[in-house]
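Please look over the model shown here. What follows is a short report on its helices, their packing and some of their side chains.

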Amino acid sequence: MGSEIIVLPVIFGTVFGIFYLYISARNRERLALIDKGTDASIFYSKKKHVTPVWKVIVINLALLLVGIGVGIFIANILTYNMNVDEDVAYPGTIFLLAGLGLFAGFFATKKLNKDA
């Protein structure tokens, strides 16, 4: 009963902790650069030819959904034509082909970044 009360502060504490560590580590790195006499130009890249995030998300989501759809189709074929158990065929092929779709999305994104 009391666990509902604890979950929300733990989530907020975790988010705050990650944010605090990110800011403090970045500050320490910049102070170390100042001590060495180096300028902070390494934090600002001159090359801004990066593929927009929305294109990466759309490509990966599309290939994931295609993989899930093909996985369901192949699982249906395995179940009815080869008498494979439904409890094994559907999750196995869906996860396998969804993973292959994400893997293909990785390479498609990598190719997009080269072209940009």
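The expected span of a helix is 1.5 Å times one less than its number of residues. The model is a predicted one. Helix H3 has 30 residues, and its first and last C-alpha atoms are 43 Å apart, close to the 44 Å expected at 1.5 Å a residue.

**Helix spans**

| Helix | Number of residues | End-to-end C-alpha distance | Expected span |
|---|---|---|---|
| H2 (residues 53–81) | 29 residues | 42 Å | 42 Å |
| H3 (86–115) | 30 residues | 43 Å | 44 Å |

H2 reaches 42 Å, close to what is expected at 1.5 Å a residue.

**Helix ends**

Just after H1 comes Gly 37, with a positive phi of about 85°. H2 is followed by Asn 83, whose phi is also positive, near 55°. Asn 83 is not a glycine. Most residues other than glycine have a negative phi. Asn 83 sits in the loop between H2 and H3. Is Asn 83 buried or exposed? Its relative accessibility is 68%, so Asn 83 counts as exposed.

**H2 against H3**

Which residues of H2 are buried? They are Gly 67, Gly 71, Ala 75 and Thr 79. These buried residues pack against helix H3. On H3, the buried residues are Ala 89, Thr 93, Leu 97, Ala 98, Gly 101, Gly 105 and Thr 109. H2 is part of what covers them. An α-helix has 3.6 residues a turn, so residues three or four places apart point the same way.

Asn 60 is found in H2. Its relative accessible area is 21%, so Asn 60 is partly exposed; the cut-off for buried is under 20%. Beyond its neighbours within four places in sequence, Asn 60 is in contact with Leu 102, Gly 105, Phe 106 and Thr 109. Asn 60 and Leu 102 are 42 residues apart along the chain, yet their C-alpha atoms are separated by 6.1 Å.

Thr 109 gives the view from H3, the helix in which it lies. Thr 109 has 11% relative accessibility and therefore counts as buried. Not counting residues up to four places away in sequence, Thr 109 touches Val 56 and Asn 60.

Ile 59 also belongs to H2. With a relative accessible area of 24%, Ile 59 is partly exposed. Leaving aside neighbours within four places in sequence, Ile 59 is in contact with Ala 108 and Leu 112. How far apart in space are Ile 59 and Ile 6? They are 53 residues apart in sequence, and their C-alpha atoms are 38 Å apart.

**A nonpolar surface patch**

Which residues form a nonpolar patch on the surface? Val 66, Val 70, Phe 73, Ile 74 and Ile 77 do, with about 410 Å² of accessible area together. Val 70 lies in helix H2. Val 70 has 36% relative accessibility, so it counts as partly exposed.

**Aromatic pairs**

How many aromatic pairs does a search of the whole structure find? It finds three. One of them joins Phe 16 and Tyr 20, which are stacked: the centres are 6.2 Å apart, with 20° between the planes. Phe 16 and Tyr 20 are four residues apart in helix H1, so about one helical turn separates them. Phe 16 has a relative accessible area of 56% and is therefore exposed.

Phe 106 and Phe 107 form an edge-to-face pair, 5.2 Å centre to centre with 70° between the planes. Phe 106 has a relative accessible area of 46%, so it is partly exposed. Phe 107 is partly exposed too, because its relative accessible area is 41%. Phe 103, Phe 106 and Phe 107 make up one aromatic cluster. Phe 106 is also among the contacts of Asn 60.

Methods
Residues numbered from 1 in each chain as written. Predicted model: local features only at pLDDT ≥ 70, side-chain atom pairs only at ≥ 80, totals over all residues. Heavy atoms only, no water. Helix = DSSP H or I, 4+ residues; strand = E, 2+ residues; numbered from the N terminus. Buried < 20%, exposed > 50% of the residue type's maximum accessible area, 1.4 Å probe, protein only. Contact = heavy atoms within 4.5 Å. Patch = residues over 30% accessible without salt bridge, like charges linked within 9 Å, V, L, I, M, F, W, Y side chains within 5 Å. Areas by Shrake-Rupley, 256 points an atom, 1.4 Å probe, with all protein chains shown as cover. Salt bridge = Lys/Arg side-chain N within 4 Å of Asp/Glu carboxyl O. Phe/Tyr/Trp six-rings, centres within 6.5 Å; stacked < 30°, edge-to-face > 60°.
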